[in-house]
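Open the viewer and keep the selection tool at hand. This tour goes stop by stop, saying what to select and what is there.

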Amino acid sequence: MQLWQNIPLFLIVCPLMCAVVCSVLKGKAARGVMAALSALVCVGMGLVLFFSARMGESYAYPMGAIGAPYGNELRVGITEGIVGLAFSLVIFLSVLGGWRKLKADVPENKIHLYAAMVCLLTSAMSAMTFTNDLFTSYVFIEISTIAACALISATNKGRTLYGAARYMLMNLLGSGLFLLGVSMLYCLTGHLLFPQIEEHVKMLLSSRQYLTPLSLSFVLMTLGIAIKSALYPFHTWLPNAYASTTVASSALLSSLISKMYIFLLIKIFFRSAGAQLFAEGIGDFLFMFAVVGIVMGSVDAIREHHLSRMVAYSSVAQIGYIFLGISLGTEAGMAAALFHILAHSAAKSMLFLASGKLREVSEKGDGFRNVRGAGFRAPLAGAAFAVGACSLIGVPLLGGFASKIFLAQAGIELGGWRMAVVLGALAVSTVLNVIYMLRTTLTLYRPSGRQEMVKSPLRKDVCFTVAILALIALNVFLGVAGGQVMEWIHRGIALFV
Amino acid sequence: MLRLLYDHMDEVTALVLFGIGFTTLLLNKNLIKKIIGFSMMDSGVYLFLASYGYIETRVAPIYENGITDPSHYVNPLPAGLVLTGIVVGVSVTAIMLGLTVRLYQRYHTLDIDEIAELVRKEGK
């Protein structure tokens, strides 16, 4: 084993240690640790991606002395590298972009706990990206749930507390279902590692034994993750949780929390022979939910009159896209879903950072009436919002466009009634996206006379500027080099399954 | 049918417990009762796992009287999973109770719908 192959382990353990250290540090030092750690994790993920791409194959990393089939292990490859790098970049840029606002929103004597929670979230992210064990992923799901709840309720306002409570209650339902599904699958197969589960599931499928409990366990896990990642009918916790808290939290949560679970779901489907169960009908159900989610999420966003709540609702539609890709059950669909995870993370964290800044330079909150002309008062935030909006609409040269193309290609490849529905859903949702995103962007640039001269209270916010510029660059990169990234994803998938 | 239910008494009990807990967590308005529901739901899963790991006539996997034959002992993994699950459940319950205390201090009610109403009024 080469030395670099130990990096993933440290990407899980270091953030955990940092969380412990942060909780006893003073505010300023803890913030420093948080920023340094998230930068370090970016570098680590980059190294993992670089080396695994150079090695050209994925490897399993045994944890401790007991190896497979009973021990615990990590699995590292190109796909994990890409997803992990994207997530860690988003963590770093969100923390950086919300830096100033964090100082204003979170009391100084609580900020070290906030830093500890960000570290915990980072650790959960790495663990969920790399783990090859079903129960370990359950444990880290719960860790990330707790961290996210603390991040939401960081600002001591009634609305955030209520949002955090709603978030927690829905997520407890989800994790309960997931745990039951995992337990049933464990009882059926006797294993928790994906390769061993796959072997046994294939055996059960070919002998046609225990088909009902087997599908039930997969349905329970899928349902649990769907609730936790806010697929359409289960999205009610999302707007309150995302829209009311401090900017850094909402940028982090919107682009990370649900996507981590979805990546886990992809693993469950494609690594434990769940994909074969698609033929038994799970895929069709998920497909319906995704299509309804794409349309209804956009409709909800159109009906909303507050900037950050609208951005939150548009997440519901975007989650629908990702589930649509997965539910196609093909490799192209999975690749499109993975690409959309990247594109949406980049766009959504930028939109939340920008809308936080726009709210800051407007009097009386972020209702559409108040943010009129805010694009002139905070030019960079306005530009970032416009770029993010264009990306979600699917304007060429931006990430959203590439991912819509890939989704459409995956649908066309499949043919039949699914192709018609995929293309129809994409067309309808693009129109709906244009309605709410363009309307909002135009509002931002409509002159509003009186307020025009109000300058931003924070004139020089270097961190925010750097973060926003980096995110814009990331969005453009995903759009321009979409084909290249997709090629990498395909290379990764070949090693992934 | 009854015979089948009787034979799988542990699993049936576990699923009934899970169902009671799940519906309480989903439908009850009282935050404390929701948390109780969550505990019951988790207990259901633990019972499910524990009953799977228990085999009559076998003992816990600790060497005794020098018997090294594995068929004398049960598989330790389900018990380990249950223990991990209990730890996770306790910490989640703790954070949920903490949130409930803060909501109660602010709104003087435990009814989630009333809290929603108060939050909406506060926003205006």
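## Stop 1: a salt bridge in chain B

Select B:Lys29 and B:Asp113: their side chains form a salt bridge, with N and O 3.8 Å apart. The two residues come from distant parts of the chain, 84 residues apart. B:Lys29 sits in the loop between α2 (9-27) and α3 (31-53) of chain B, while B:Asp113 belongs to helix α5 of chain B. Colour them by accessibility next. B:Lys29 is partly exposed, at 44% relative accessible area. B:Asp113 is partly exposed too, with a value of 43%. Keep in mind that this is a predicted model.

## Stop 2: B:Thr109

Now select B:Thr109. It lies in the loop between α4 (77-107) and α5 (112-123) of chain B. Is B:Thr109 buried or exposed? Its relative accessibility is 11%, and the cut-off for buried is under 20%, so B:Thr109 counts as buried.

Show its polar contacts. A polar atom of the B:Thr109 side chain lies 3.1 Å from the backbone nitrogen of B:Asp111. The side chains of B:Thr109 and B:Glu114 are joined by a polar contact of 3.2 Å.

Then show the residues around it. Setting aside neighbours within four places in sequence, B:Thr109 is in contact with B:Tyr104, B:Glu114, B:Ile115 and B:Leu118. B:Leu31 and B:Thr109 are 78 residues apart in sequence, yet their C-alpha atoms are 9.3 Å apart in space.

## Stop 3: where chain A meets chain B

Select both chains and show the contact between them. Chain A brings 30 residues to it and chain B brings 38. How much area is buried between chain A and chain B? The figure is about 3200 Å², with carbon and sulfur atoms giving 82% of it. Across this interface the rule finds zero salt bridges.

The largest share, 19 residues, comes from α7(A). By class, this side of chain A has 20 nonpolar, six polar and four charged residues.

## Stop 4: two domains in chain A

The domain assignment gives domain 1 (1-274) and domain 2 (281-497). Their contact takes 56 residues from domain 1 of chain A and 53 residues from domain 2 of chain A. The C-alpha centres of the two domains lie 22 Å apart.

The area buried between these domains is about 4700 Å², and carbon and sulfur atoms give 79% of it. Zero salt bridges are found across this interface. Five residue pairs, both at pLDDT 80 or more, are in polar contact between the domains.

Select the side of domain 1 of chain A that touches domain 2 of chain A. Among the helices that each supply at least two residues to this side are α2 (27-55), α3 (78-97) and α11 (247-271) of chain A. The largest share, 15 residues, comes from α11(A). The residues of this side divide into 31 nonpolar, 16 polar and nine charged.

## Stop 5: two buried serines

Select A:Ser391, in helix α17 (residues 379-393) of chain A. A:Ser391 is buried, at 1% relative accessible area. Its side chain reaches the backbone nitrogen of A:Gly400 at 3.1 Å. Beyond four places in sequence, A:Ser391 touches several residues, including A:Ala347, A:Phe401 and A:Asn475.

Move to A:Ser217, in helix α9 of chain A. A:Ser217 is buried, with a relative accessible area of 0%. Not counting residues up to four places away, A:Ser217 touches A:Gly181, A:Met184 and A:Leu185.

## Stop 6: salt bridges within helices

How many salt bridges are there over all chains? By the rule used, the count is 11. Select A:Glu198 and A:Lys202, one such pair, whose closest N and O atoms are 3.3 Å apart. They are separated by about one helical turn, because they are four residues apart in helix α8 (residues 194-206) of chain A. A:Lys202 is partly exposed, at 39%.

End at A:Arg303 and A:Asp300, a salt bridge with closest N and O atoms 3.7 Å apart. Both lie in helix α13 (residues 282-303) of chain A, three residues apart. A:Arg303 counts as exposed, at 60% relative accessibility, whereas A:Asp300 is buried, at 10%.

Definitions and conventions:
Residues numbered from 1 in each chain as written. Chains lettered and ligands numbered in written order. Predicted model: local features only at pLDDT ≥ 70, side-chain atom pairs only at ≥ 80, totals over all residues. Heavy atoms only, no water. Domains from an automatic or database assignment. Contact = heavy atoms within 4.5 Å. Buried area = accessible area lost by both parts, 1.4 Å probe. Salt bridge = Lys/Arg side-chain N within 4 Å of Asp/Glu carboxyl O. Polar contact = N/O pair within 3.5 Å; in protein donor to acceptor, adjacent residues only side chain to side chain. Nonpolar A, V, L, I, M, F, W, Y, C, P; charged D, E, K, R; others polar. Buried < 20%, exposed > 50% of the residue type's maximum accessible area, 1.4 Å probe, protein only.
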